[in-house]
Structure formats: C-alpha cells, structure tokens
Amino acid sequence: MYRLGGSVGQGGRNAHDDVQLVQIHLNKNAHLVTEIGRVPEDGILDERTQRAILAFQRQIVRLSSPDGRVDPHGRTWRMLVGDQGHASTSAFVQLMAENSNFYLYEKIDRTWGTPATIDSIRNMAAALIPAGITVGVGDISFANGGRMPPHGSHRRGLDVDIRPQRKDGARSPVNIHDPNYSHERTKLVVETLQKDPNLHLILFNDQKIEGVRFYEGHHNHLHVRFKE
Ligand SMILES: [Zn+2]
C-alpha cells in the first residue's frame, strides 16, 4: 500500500515525494480522465497536475464541487490508488464508435459498460447491418460506475439508452409521436435484442412492439438492461 505523507494540491502541504506519488497515480488513471493527458512525474505541483487532480475529482470521484486537493485519508486518494470504486467495476470497457454501423450521441466518458454489455451492443449493431439500420447509442455508465445524473440507474454498466429509429435514417433524436418515427425499423432493433440471451429487459413506450415494457419518459429512447 502506498502511503501519502501529507496533502497534495490546492492549499496542500505539497511535499516533493507526495506530489510525485500523486502524479504517478494520476498517470495510471489517465486513460479514465478525458481532456487531461499525462502529467510530469517530477514532484512539482504545476498547473497541469493541479488541473488533472480537479478533472479526476470531477469525472471519476464525482465530487460536485471538487476542492483540488488529495488528502492522505480522503476519497480522492483512495480512488486514485484503486482502494475504492474500482473494485466492482475494474472490468468496465468503453464503447467507441469506430464502426459506421452505430454512433454515439452522448459524451464518450458515459459509454462504459461490462464486457458482456459492450459485446451485446456490438453484436446488435452488426446483426442490423443487412437491414441497413444504424443504431444511436447514448448513456451507459461512467468508467467507475456510480451515480449518473439524471438517471437513477446506469450505475453498473448494464443499462444502455438507444434511440428509436427514424424513417429518414438521420442521426438525430425522435420520439414515437413524431411522423418521422419508424415503428418497423425500431421493431427490428427490438427483435434483434430479444435474440440475445444476455438481454434482461427493454423499457419503451411503443406498445405495438411485443415484449417491451411501458415506463414513463421512454417515448424517445429505449432503455435496454442487460444481465449481470
Ligand atoms: Zn436509460
């Protein structure tokens, strides 16, 4: 176990060895923190290191008002070294839109899921290629799971929001009351998902599609829950 002697960051003691230890751990987590690259591991609290601490607190620790400081017994430090938060979700993988057969409509720090969830999404997208259907994928989970406003769920890498299909194939939102909504194409998406043994349930309000569950607010997206 690594021990931090004193606090690092804004208003911290910022001893050389402590700053260096924090920098090393920031770099180990750099792949999780968007917008911030690697920081120098020189034990000097420069602007980049300070920005990286703030970004880590905002994006990974999910502090609503980050204080920019890493304390020896604080949550930021525990999550930096992986004592907390990582344990249950270390296996999360990120869905990236490297293919043209699906697209992401939310920020990519919100598209992390369990390997099985990500596999299921990729398989669904691939199976829909022959039908000429491109699926828009939204929120899944954060890299470390946890609360994802405005949702109550989306904490465990199992929930995936998907856009209903449009008649014009445009990569934009649509709801079931919109003349551009395609019942036929959306039904195909649902049927493809239902063939997946990893599927748990689908919340969606087009009640002419079999097997989906009505749930308030789900007229403009399908909420797809996969198994644990
Ligand atoms: Zn959802």
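Buried means under 20% relative accessible area, exposed over 50%, and partly exposed in between (1.4 Å probe, protein chains only). This is a predicted model: local features need pLDDT of at least 70, side-chain atom pairs count only at pLDDT 80 or more, and totals for chains, interfaces and linings use all residues. Residues are numbered from 1 along each chain as its sequence is written, and side-chain values use heavy atoms, without hydrogens and water.

**View A. Strand β7 is covered on both faces.** Strands (E, at least two residues) are DSSP runs, numbered from the N terminus. In a regular strand the side chains alternate between the two faces of the sheet. In β7 (residues 159–162), Asp 159 and Asp 161 lie on one side, Val 160 and Ile 162 on the other, and all are buried.

**View B. β7 pairs with β9.** Two strands pair if DSSP finds at least two bridges between them. Here four bridges join β7 to β9 (residues 222–226), and the strands run antiparallel. Val 160 faces Val 224 of β9.

**View C. Three residues hold the zinc ion's protein donors.** Donors are N, O and S atoms within 2.8 Å of the metal (3.2 Å for Na, K and Ca); water is not among the atoms, so sites may look incomplete. Asp 161 in β7 and His 223 in β9 are 62 residues apart, linking distant parts of the chain. Both are buried.

**View D. Arginine charges sit over rings.** The criterion is NZ of Lys or CZ of Arg within 6 Å of the ring centre and within 35 degrees of the ring normal. Arg 62 is 3.6 Å from the ring centre of Phe 142. Arg 163 covers the face of Tyr 105 at 4.0 Å from the ring centre.
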